Amino acid sequence: MSTPDVNHPEFWENIYQSEVPPGWELGQPAPPFVSLLMGDSPPPPGRIAILGCGTGNEVALFATHGFEGVGVDFAPSAIQGAKRRLQNANLKAELIQRDIFELPNVYPHHFDYVLEHTCFCAIAPFRRPEYVRMVHTILKPTGLLIALFFALPPGGGPPFGTTEKEIRSLFEPAFEISVLHVATDSIARRRGKELFALMMPRLM
């Protein structure tokens, strides 16, 4: 079976048009992000890029906690869904339909935070080094990557799985990894399959 072409927005838009809801849509923010923001030492509000934001669960979560969010997604239906979510909750954030790999041209060293959730697993695996460079470029030197990665066996996709070993191999040259472990509060169907990470960019 050939690998689907995930490099075009039409692929993702077709999923939104054919599935209600798409398989990655939780209908709520991922619990590990809620725990981070509700914990004893939450990150202070700042400007955050939410990559592959979908219908805006995490955009709304971080906006509620005072962050200035920029949600980015390939699919028009995702952005429309995020707009509705924000309007219904009377929240504000910037929403952009765009290829994430174009962000360095628009937002170099711009963000205090980058949020990763179901984006890394959606891109073609051969583009993962490019993804690391993109995140490093759009973060401020003092910024923070907050991430949930899918720890799934290699093989078909999307979602394209990864391992702790691969994450370290890809990110450690450009990032200082302060946290990387299996998430303890994932939703039931993802329990044991999510790696929670916090990383700061190294000077390059």
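This is a predicted model: local features need pLDDT of at least 70, side-chain atom pairs count only at pLDDT 80 or more; totals for chains, interfaces and linings use all residues.

Student: OK. At what angle do H6 and H7 cross?

Tutor: Roughly 55°, and the axes of H6 (residues 128-138) and H7 (residues 164-171) come within 10 Å. Axes here are lines fitted to C-alpha atoms, for helices over the stretch in contact, and angles run from 0 to 180 degrees between N-to-C directions. Helices (H or I, at least four residues) and strands (E, at least two) are DSSP runs, numbered from the N terminus.

Student: So what do you call that arrangement of H6 and H7?

Tutor: The two helices H6 and H7 are therefore oblique to each other. Angles under 35 degrees count as roughly parallel, over 145 as roughly antiparallel, 65 to 115 as roughly perpendicular, and the rest as oblique.

Student: Which residues make the contact between H6 and H7?

Tutor: H6 brings Arg128, Pro129, Tyr131 and Val132, while H7 brings Glu166, Leu170 and Phe171. Contact means heavy atoms within 4.5 Å. By type, the residues where H6 meets H7 are 5 nonpolar, no polar and 2 charged.

Student: Switching to the inside. How many residues are in the largest nonpolar core?

Tutor: That core has 33 residues, and those with the most contacts inside it are Leu51, Ile100, Tyr131 and Phe171. A nonpolar core is a set of buried Ala, Val, Leu, Ile, Met, Phe, Trp, Tyr and Cys residues joined through side-chain atoms within 4.5 Å. Buried means under 20% relative accessible area, exposed over 50%, and partly exposed in between (1.4 Å probe, protein chains only).

Student: Which element gives the largest share of this core?

Tutor: H6, with 5 residues. Elements giving two or more residues to the core also include strand S1 (47-51), strand S2 (68-73) and H7.

Student: And what does Tyr131 touch?

Tutor: Not counting residues up to four places away in sequence, Tyr131 touches Leu51, Ile100, Phe101, Glu116, Cys119, Phe120, Ile123 and Phe171. There is also a second, separate core of 26 residues, which includes Phe33, Ile48, Ile50 and Phe62.

Student: New topic: H2. Which of the residues in H2 are buried?

Tutor: Pro31, Pro32, Phe33, Leu36 and Leu37. They pack against helix H3 (57-64), S4, S5 and S7.

Student: Is Ser35 buried, partly exposed or exposed?

Tutor: Ser35 is in H2 (residues 31-38), and at 37% relative accessibility it counts as partly exposed.

Student: How do H2 and H3 line up?

Tutor: They are roughly parallel to each other. Their axes cross at roughly 5° and come within 11 Å. Phe33, Val34 and Leu37 in H2 meet Glu58, Leu61 and Phe62 in H3.

Student: Which residues is Leu61 in contact with?

Tutor: Pro29, Phe33, Val34 and Leu37, leaving aside neighbours within four places in sequence. Leu61 counts as buried, at 10% relative accessibility. Leu61 and Pro29 are 32 residues apart along the chain, yet their C-alpha atoms are separated by 6.6 Å.

Student: Is Thr118 buried or exposed?

Tutor: Thr118 counts as buried, at 14% relative accessibility. Thr118 is in the loop between S4 and H6 and has a positive phi of about 60° although it is not a glycine.

Key
Residues are numbered from 1 along each chain as its sequence is written. Side-chain values use heavy atoms; hydrogens and water are left out. Ala, Val, Leu, Ile, Met, Phe, Trp, Tyr, Cys and Pro count as nonpolar, Asp, Glu, Lys and Arg as charged, and the others, Gly among them, as polar.
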